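Biologist: I would like to learn how to read a model of this kind. Could we take it feature by feature?

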Protein chains: 2
Amino acid sequence: MLKQERQAFILHQVNLHNQVLSTSLSQELEVSEDTIRRDLQELADNKRLIKVHGGALSLSFNEPHHPTHVYAHTQKKLIARKAAPLIQNDMFVLTTGGTTLIELARHLPPTLKATFISGSLPVVLEYTQHPLIDVILIGDKVSKNSKITVGGEAISKIRQIKADICFLGVNAIDAELGITDNDWEVVQVKKAMIESAQKVICLTIAEKINSSQPFHVCPVEDIDTLITELPPEDPRLEPYHKKGIHVI
Amino acid sequence: MLKQERQAFILHQVNLHNQVLSTSLSQELEVSEDTIRRDLQELADNKRLIKVHGGALSLSFNEPHHPTHVYAHTQKKLIARKAAPLIQNDMFVLTTGGTTLIELARHLPPTLKATFISGSLPVVLEYTQHPLIDVILIGDKVSKNSKITVGGEAISKIRQIKADICFLGVNAIDAELGITDNDWEVVQVKKAMIESAQKVICLTIAEKINSSQPFHVCPVEDIDTLITELPPEDPRLEPYHKKGIHVI
DNA sequence: TCCCCATTTGCGGTTTTTTGCAGTTTTTTA
DNA sequence: TAAAAAACTGCAAAAAACCGCAAATGGGGA
């Protein structure tokens with residue numbers, strides 16, 4: 001791994017989380033803490049971050065508006081942290097759009113080498129920051145509010161793919177009604193993705209559990225794993241355990 | 001294997017992944033690391049990539065805040081203002097990537113109703129802000145350097161289109177050598193776009209006039225209109241007038 | 001086809017950079 | 001105030017870069 005690549009990752013992390021720990025960076029990047037310290041020193045010399053005991057802070061650390069924004073996204077960060085280890089080297093991964101999926105892109109270890117396929121512009125843009133990941137963009141008409149490609153072309157392209165895993169960001173899930181959505185065209189794309197993947201991982205914040213939307217995507221039995229910010233033993237997740245879904 | 005071929009491959013890799021390692025290039029291309037180093041040195045001398053210890057980085061590796069960027073902005077706004085009136089209602093418009101094309105998206109009247117087709121993520125994202133414009137995204141592998149889709153899939157999709165007009169952002173133009181570019185894959189996409197459009201409009205800042213890059217896109221005769229920030233009577237534009245190109 | 005010559009490439013030896021480790025010092029925290 | 005964690009220092013091994021030179025390659029021209 002190149003030194004610049006490592007430092008770019010550190011900078012990305014510190015700008016994203018407002019702070020980083022030397023210890024965790026050392027583990028994620030698979031280098032010694034000494035190397036991390038030297039990187040932080042160098043970045044601090046170039047005024048890209050502020051080095052402190054135990055790690056570093058972003059330059060905008062003292063600005064008031066950031067921390068609250070970070071707090072609002074902690075749920076999605078938690079989900080991303082749980083989801084990241086499911087992806088292994090050389091996998092082909094399908095992903096839908098949504099802020100949770102963007103968060104997942106940010107939480108992947110920089111050493112991961114895989115191919116990601118998506119129709120979501122913000123998600124794909126995030127993956128272009130990652131050094132080792134190949135990105136395939138599904139083309140078609142762009143849905144303006146979700147910034148995702150939809151339509152027959154997109155669906156037929158997805159059908160041609162045989163992916164190892166599919167990460168599904170959902171708007172509503174209910175143990176009986178299944179996964180539902182409010183955009184008919186997006187639903188068609190999600191259906192195709194589910195069929196093209198060997199395993200389906202569903203990502204959602206707890207707020208959306210036991211809610212429903214007009215258009216049906218799939219029954220909950222079609223998903224293999226459900227990831228939320230809740231601990232797996234939370235009573236709200238009980239129905240999904242019962243259905244044999246792997247809840248983490 | 002020829003040196004140019006090898007360097008083209010290296011350039012392709014660095015544009016696609018934002019970085020390359022000397023060791024892996026040496027293995028992939030089956031030449032010594034010394035040869036790779038010499039190639040990288042040569043490419044770095046020609047400002048095609050940034051050479052670092054252990055490999056090389058793409059030019060856009062750390063380019064979020066560029067100093068000359070602000071100045072170029074006003075020129076690009078001027079170009080966008082000239083280009084916008086060429087688009088009429090219900091047209092099908094092909095566009096390449098680049099900051100000039102993003103600027104064009106921002107300068108379109110909100111009452112314009114048209115269909116835009118592009119493989120550039122930033123450009124497409126900009127068009128999603130527009131209320132009446134339909135956007136078609138060309139899918140394929142994403143080049144990390146330019147954030148544009150490249151490859152056979154993208155080209156064959158473009159060939160299926162018959163557009164009214166094509167806006168071509170160019171890196172280098174010369175009255176004799178024609179339009180040239182530094183990314184082989186991007187060149188293939190641009191060629192396809194030119195062939196699929198009835199009219200070709202070339203957008204470029206004056207700085208790029210009478211410069212050239214290694215890969216040939218098309219002769220200047222293939223373009224219908226040339227738009228720069230200069231007044232049409234500027235002497236630098238004289239050769240293009242002579243060739244019968246509409247210069248504005 | 002063969003030969004010549006400029007260019008390109010690989011290799012051995014040396015220098016530089018990077019990185020991890022051991023020992024020591026400093027900072028934090030309970 | 002003492003134990004623990006982190007930082008600093010110097011050093012040595014490994015990796016990469018550099019340098020010079022000889023071999024190989026390849027593209028005209030006879």
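Biologist: Which classes of residue make up the surface near DNA strand D?

Modeller: This is a predicted model. The surface near DNA strand D has eight polar residues, six charged and no nonpolar ones. In total 14 residues surround DNA strand D, and the closest are Ser22(A), Gly54(A), Ser22(B), Thr23(B) and Gly54(B).

Biologist: Which residues are around DNA strand C?

Modeller: Chain A gives Lys3(A), Val31(A), Ser32(A), Asp34(A), Thr35(A) and His53(A), and chain B gives Lys3(B), Val31(B), Ser32(B), Asp34(B), Thr35(B) and His53(B). By class that surface has two nonpolar, six polar and four charged residues. Both α3 of chain A and α3 of chain B supply at least two residues to it.

Biologist: Now a helix. What span should α1 of chain B have?

Modeller: Helix α1 (residues 3–17) of chain B has 15 residues, and at 1.5 Å a residue these should span 21 Å; the end C-alpha atoms are 21 Å apart, so the two agree.

Biologist: How do I read which way its residues point?

Modeller: An α-helix has 3.6 residues a turn, so residues three or four places apart point the same way. In α1(B) the buried residues include Gln7(B), Ile10(B), Leu11(B) and Val14(B). The buried residues of α1(B) pack against β1 (19–21), α2, α3, β3 (55–57) and β7 (140–143) of chain B. Just after α1(B), Asn18(B) has a positive phi of about 70°.

Biologist: Is Ala163(B) buried or exposed?

Modeller: Ala163(B) counts as buried because it has 21 C-beta neighbours inside 10 Å, where 20 or more are needed. Ala163(B) sits in strand β9 (residues 163–169) of chain B. Its C-alpha atom is 6.5 Å from that of Leu94(B), 69 residues apart along the chain.

Biologist: And the contact between the chains?

Modeller: The size of an interface is often given as the accessible area lost when the parts come together.

Biologist: In what sense do β7 of chain A and β6(B) pair?

Modeller: Strand β7 (residues 140–143) of chain A pairs with β6(B) in the antiparallel sense, over two bridges. Asp140(A) has Leu137(B) as its bridge partner in β6(B).

Technical notes. Residues numbered from 1 in each chain as written. Chains lettered and ligands numbered in written order. Predicted model: local features only at pLDDT ≥ 70, side-chain atom pairs only at ≥ 80, totals over all residues. Near = placed C-beta within 6 Å. Nonpolar A, V, L, I, M, F, W, Y, C, P; charged D, E, K, R; others polar. Helix = DSSP H or I, 4+ residues; strand = E, 2+ residues; numbered from the N terminus. Expected span 1.5 Å × (residues − 1). Buried ≥ 20, exposed ≤ 12 C-beta atoms within 10 Å, placed from the backbone. Contact = placed C-beta atoms within 7 Å. Pairing = 2+ DSSP bridges.
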